[in-house]
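We will go from stop to stop, and at each one you will hear what to select and what to look for.

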Amino acid sequence: MALLQIAEPGQSPQPHQRRLAVGIDLGTTNSLVAALRSGLSEPLPDADGQVILPSAVRYHADHVEVGQSAKLAAAGDPFNTVLSVKRLMGRGLADVKQLGEQLPYRFVGGESHMPFIDTVQGPKSPVEVSAEILKVLRLRAEASLGGELVGAVITVPAYFDEPQRQATKDAARLAGLNVLRLLNEPTAAAVAYGLDQNAEGVVAIYDLGGGTFDISILRLTRGVFEVLATGGDSALGGDDFDHAIAGWIIEQAGLSADLDPGTQRHLLQIACAAKEALTDTASVEVVYGDWRAALTREAFDALIEPMVARSLKACRRAVRDSNVELDEVQAVVMVGGSTRVPRVREAVAEMFGRQPLTEIDPDQVVAIGAAIQADTLAGNKRDGGELLLLDVIPLSLGLETMGGLMEKVIPRNTTIPVARAQDFTTYKDGQSAMMIHVLQGERELISDCRSLARFELRGIPAMVAGAAKIRVTFQVDADGLLDVSARELGSGVEASIQVKPSYGLTDGEIAKMLKDSFQYAGDDKVARVLREQQVDAQRLVEAVQAALEADGERLLDADERMVIDLQVQELTELMKGTDGYAIEQQTKRLSQVTDAFAARRLDSTVKAALAGRNLNEIGE
Amino acid sequence: MGTPCHFALFELQPSFTLDLEQLAARYRELARGVHPDRFADASEREQRLALEQSASLNEAYQTLKSPPKRARYLLAMGGRELPLEVTVHDPDFLMQQMQWREELEELQDEADLPGIATFKRRLKVAQDQLNDSFAACWNDAAQREQAERLMRRMQFLDKLTYEVRQLEERLDD
């Protein structure tokens, strides 16, 4: 489809020209873009000299505002301002409710099971919101590097599952970025740290961001970054610290817990400011309206202790999984803004028995590492030898077996890319189909795992139970994305699926969003798409008119006829304009209202054709 | 069984005794050559090939670096049948298995962390002994049955190690 061509890499560069590629840290709270310039990886500033772009998106009726100004508007315009959208990526509505916090949005259901946020511009999926952030960063990069990008490396939390990864890739596509690779954030941080310090040996990366926590254990050997194990919690971060303080204010000030969205936002802003202040002082005065009280660091530490403990537990598990002893870990690198919290640093130091390293700015280290990898992937030669990143899958992948149990096919922390096959058989005589249910997670019961996809292998030849041999193959690529195929070995019957999880976007949704995005893109591609939409509409109108002329009288009653005429008229009007989306929608609507008519026409044609023949002839 | 054989991929002769450091170094070297990152702007066909080759390299490495998997692979070389779920007649070991399991259950009931550490050390000693015995007999056709028996013992202890790890995780809650 012509539409998808926008994601293609730019024109081939001149032989000596450096191919432009960037690393993007798409964070819960803040996002950054970095690139290699004169051999040095550094974050790119905006026109005002700011490198950090708050991950805040505010929808206005006619434009979209991204960054600091949007963030500041959150309390005043909560329904149209989306913060921390990363926490919603790849999640279903039910998961979002399970995040256990009041989110001040109005959610609506979509074509897929994604939560759409109702805004003044209509329902927006988390993927679209993220794409707005990415778009701003892409434009910033193109402006400061002075050319079109070959591609980008986008970082994701190592602990992101398949749907969350897929959603991130979709968002990048939507923002017009060619994704060279999805890279795990701790791995990116390890690259920045390892190259900066010339480090070798076993390193732990403790990454506590705004909304996600990751721990990775890596072995660094002469430019090879081998992830031994990774773990974490994709719903644990600095935001939770803010919520804890906000809860404390509500309790101390005797507020009702049922607050309107604007007040919630306001409280969270106060909470976040208090948290940040407590990094450098032992006590901070918290003011909310007429109410004021002191929050000591001690009290704050107690509030966040359960969350710190959760992160340490994940650390212990990752160390066990990596098969190294705790004292073999030679360095612990702190990543993410939330590692500025003194209690976090202290707890990590206690656990690993060494002071964590905080030399590289914890907000920038991920983007810096991603840019180095992006430059390599774009085909630019690196001084000092090539990099190699060997990553793992964070969560086990498997299949549903009898009794609602999950059978692991690829265990967590297996190095990717990986392909693995498992054989199954039929359990009934003459069974002709088998349902393949793909799952991700560590638990035994499938109800405790995340369902990634279901598909059916059909056409298995009739055999007695247990005679068929069905080989299911899992293949995970270097981005951590999964393909599953199934094949009956005797007959060669085959079925496969590229796992497009139920919480991702359907291809239809992506295509539509890509089209939508052209409305704002303002280049000749828009015109091309509009032209295609007009042509499609024109074709449909002509077909409907011809059908009405031929069979309208005979097959439609007056009301039905009127509905169709109205929709035809509407589309004919729209076709003269330039609103491609409206044309497309109306084309769809017209096609829907004429469905029944088309079916009746087909039916009557078949009947007419059969009228002169006897049953025997039809049977042939 | 993969073609070429896992050992050949690493330019090694089939053997149970391996220098793991050297294996790891060779793995990193080979991975450099075939990893999909090297082919980010190559043709789709080459990317596909890199993906497949990396996946088989990873598979080979996983197999060779784990003693039970390596043992099984050696015994299955030359196309011999080696069904996964078969209990080789081994009454002594059956008794020992029951003992291990009982101990593990007790450790769980008492949440005995130092006990678990001791248990892990003993497990490691038992694994080392098995590895030595297997190394001595796997290549002798006359001792084939013994080698298979040892391999299944290794598999059991491997599973037990995994269960200990799960237990540690549960006790960490």
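Start by selecting A:Gly353, the residue that follows helix H9 of chain A; its phi is positive, near 65°. Helices here are DSSP runs of H or I with at least four residues, strands are runs of E with at least two, and both are numbered from the N terminus. A word on what you are looking at: this is a predicted model, in which local features need pLDDT of at least 70 and side-chain atom pairs count only at pLDDT 80 or more, while totals for chains, interfaces and linings use all residues. Residues are numbered from 1 along each chain as its sequence is written, chains are lettered from A and ligands numbered from 1 in the order in which they are written, and side-chain values use heavy atoms, with hydrogens and water left out.

**Helix H9**

Now select residues 342–352 of chain A, which form H9. Which residues of this helix are buried? They are A:Arg343, A:Val344, A:Ala347, A:Val348, A:Ala349, A:Met351 and A:Phe352. Buried means under 20% relative accessible area, exposed means over 50%, and partly exposed lies in between (1.4 Å probe, protein chains only). To see what these buried residues pack against, color strand E13 (201–208), E14, helix H6 (238–252), H8 and strand E18 (329–335) of chain A.

Stay in H9 and show the side chain of A:Arg343. A:Arg343 counts as buried because its relative accessible area is 12%. Its side chain makes a polar contact with the side chain of A:Glu305, at 3.0 Å. A polar contact is a pair of N or O atoms within 3.5 Å; within protein, one must be able to donate a hydrogen and the other to accept it, and residues adjacent in sequence count only if both atoms are side-chain atoms. Leaving aside residues up to four places away in sequence, A:Arg343 touches A:Asp301, A:Ile304, A:Glu305 and A:Glu350. Contact means heavy atoms within 4.5 Å.

Select A:Asn323, in the loop between H8 and E18 of chain A. A:Asn323 is not a glycine, yet its phi is positive, about 60°. Is A:Asn323 buried or exposed? At 59% relative accessibility, A:Asn323 counts as exposed.

Next, go to A:Asn413, in the loop between E21 and E22 of chain A. A:Asn413 is another residue other than glycine with a positive phi, near 65°. A:Asn413 is buried, with a relative accessible area of 13%.

In the loop between strand E21 (405–410) and E22, pick A:Pro417. A cis peptide bond joins A:Ile416 to A:Pro417, with omega at about 0°.

**Where chain A meets chain B**

Show both chains: 35 residues of chain A are in contact with 25 residues of chain B. A:Arg320, A:Leu388 and A:Pro417 supply 24% of the area that chain A buries against chain B, more than any other three residues. Together the two chains bury about 2,600 Å², 44% of it on carbon and sulfur atoms. Buried area is the accessible area (1.4 Å probe) that two parts lose on being put together, summed over both.

Select A:Arg320 and B:Asp172, whose side chains meet in a salt bridge (4.0 Å, N to O). The count between chain A and chain B is 7 salt bridges, each a side-chain nitrogen of Lys or Arg within 4 Å of a carboxyl oxygen of Asp or Glu. The interface also has 13 residue pairs in polar contact, both residues at pLDDT 80 or more. Which element gives the most to the side of chain A that touches chain B? H8 of chain A does, with 5 residues.

**A last stop at A:Gly67**

Finish at A:Gly67, in the loop between strand E6 (64–66) and helix H1 (68–72) of chain A. A:Gly67 is buried, with a relative accessible area of 0%. Not counting residues up to four places away in sequence, A:Gly67 touches A:Leu53, A:Pro54 and A:Ala56.

Zoom out to take in chain A, with its 16 helices and 27 strands. Of its 620 residues, 55% are buried.
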